[in-house]
Amino acid sequence: MSAVSTGRRVGTKVFVAAGLLVALVLAGFVSYYASGSPDGLEKVAADKGFDAGAEDHASAGSPLADYGVSGVENARLSGGLSGVIGVGVVLVVGGGLFWALRRRQAPEDAA
């Protein structure tokens, strides 16, 4: 008795494109609905009273600091844009690393 597969295989390009689309939708639209309350560490620091000595981090003045894009006044648009830019940066850096590592291993595979 053999098992019969009725499912269709999804190609790699379709899988990657669907993943990219989901990431862009989550970063661009759904991120607006994230909680604006301080995270757990900030809340504990405030509750315990040691948040008075907190300072801004080194990249606080960067164009994408605090989950927004500097110069964009609309908070919803600014948060969505920063998310989409972040997805693009991760795609470029991750894709570049993958491409470089794949090219580096190619001569060994050919031998």
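How many helices and how many strands are there in the chain? The chain holds three helices and zero strands, and its pattern along the sequence reads α-α-α. Helices (H or I, at least four residues) and strands (E, at least two) are taken as DSSP runs and numbered from the N terminus. The structure is a predicted model, in which local features need pLDDT of at least 70 and side-chain atom pairs count only at pLDDT 80 or more, while totals for chains, interfaces and linings use all residues. Residues are numbered from 1 along each chain as its sequence is written, and side-chain values use heavy atoms, with hydrogens and water left out.

Of the 111 residues of the chain, 11% count as buried. Buried means under 20% relative accessible area, exposed means over 50%, and partly exposed lies in between (1.4 Å probe, protein chains only). The chain exposes about 9,700 Å², of which carbon and sulfur atoms supply 63%; these areas come from the Shrake-Rupley method with a 1.4 Å probe. Among contacts (heavy atoms within 4.5 Å) with a separation of 6 or more, residues 24 or more positions apart account for 47%.

An unreviewed UniProt entry places the feature "transmembrane region" at residues 12-34 and 80-101. Such annotations may be inferred rather than shown by experiment. In the model, residues 12-34 are 74% helix and 0% strand, with end C-alpha atoms 31 Å apart. Residues 80-101 are 100% helix and 0% strand, and their end C-alpha atoms also lie 31 Å apart.

Pockets were then examined. A pocket is an open set of points on a 1 Å grid over the protein atoms alone, where a 1.4 Å probe fits, with protein on both sides within 12 Å along at least five of seven lines; lining residues have an atom within 4 Å of a point. The volume is the space filled by probe spheres set on the points. The largest pocket has a volume of about 550 Å³. It is lined by 18 residues, of which Ser31, Ser35, Gly36, Asp66 and Tyr67 are the closest to its centre. Helix 3 (residues 75-110) gives the largest share of this lining, six residues. The lining divides into six nonpolar, eight polar and four charged residues. Here Ala, Val, Leu, Ile, Met, Phe, Trp, Tyr, Cys and Pro count as nonpolar, Asp, Glu, Lys and Arg as charged, and the others, Gly among them, as polar.

The second largest pocket has a volume of about 200 Å³. Its lining includes Glu42, Phe50, His57 and Asp66, and divides into five nonpolar, one polar and five charged residues.

Asp66 lies in the loop between helix 2 (40-48) and helix 3. Is Asp66 buried or exposed? Asp66 is exposed, because its relative accessible area is 66%. Its C-alpha atom is 9.3 Å from that of Ser82, which is 16 residues away in sequence. Tyr67 is found in the loop between helix 2 and helix 3 and counts as exposed at 76% relative accessibility. Phi is positive at Asp66, near 60°, and positive at Tyr67, near 55°.
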